Amino acid sequence: MASIPMQDSDMSKCIKACMNCTKACMEALHYLLQQGVSGKQMAMLQMCAEACQLSSKMMLSDLEFHHQACELSFELSTACAAICASYDDEIMARCAETCRHCSETCRGMAGMTVQMKGTAKDLRSSLPSTRL
């Protein structure tokens with residue numbers, strides 16, 4: 001596993017932001033469960049936490065695919081920030097702020113993501129066929 005310098009590099013800032021976002025989303029998820037909330041918002045918080053956890057792990061491992069993971073974390077943390085901000089509550093306000101910060105740092109890390117159009121089926125059909 002590659003070692004990330006302890007300086008304030010963009011990657012180390014993003015790792016920290018993703019870890020904080022994972023924690024904030026899980027706390028918000030637990031809090032809302034206690035309040036009896038269910039539905040799509042809960043799933044969004046959980047998926048954001050998982051995506052941010054994946055992003056931080058991929059960056060810590062220095063995997064070349066971390067840009068794509070960061071793009072997903074950017075999208076989900078942006079959506080979660082809006083969800084959390086819709087509640088008039090201190091816990092949810094902290095979650096919204098943490099998600100916004102994560103979104104900003106992940107957007108920078110995702111800058112090199114390759115965008116591919118089409119489905120996997122479309123991509124397979126454009127490849128030359130091989131027979132074994």
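Two helices, α1 (10-34) and α4 (90-109), each supply at least two residues of the lining of the second largest pocket, helices being DSSP runs of H or I with at least four residues, numbered from the N terminus. The model is a predicted one, in which local features need pLDDT of at least 70 and side-chain atom pairs count only at pLDDT 80 or more, while totals for chains, interfaces and linings use all residues. Residues are numbered from 1 along each chain as its sequence is written, and side-chain values use heavy atoms, with hydrogens and water left out.

The volume of this pocket is about 170 Å³, and α1 gives the most to its lining, with six residues. A pocket is here an open set of points on a 1 Å grid over the protein atoms alone, where a 1.4 Å probe fits, with protein on both sides within 12 Å along at least five of seven lines, and lining residues have an atom within 4 Å of a point. The volume is the space filled by probe spheres set on the points, which are joined across faces, edges and corners. Among the lining residues are Asn20, Lys23, Tyr31, Arg94 and Cys95.

In the protein as a whole, five helices and zero strands are found. Buried residues make up 36% of the 132 residues, where buried means under 20% relative accessible area with a 1.4 Å probe, protein chains only. Of the contacts (heavy atoms within 4.5 Å) with a separation of 6 or more, 70% are accounted for by residues 24 or more positions apart.

Technical notes: Buried < 20%, exposed > 50% of the residue type's maximum accessible area, 1.4 Å probe, protein only.
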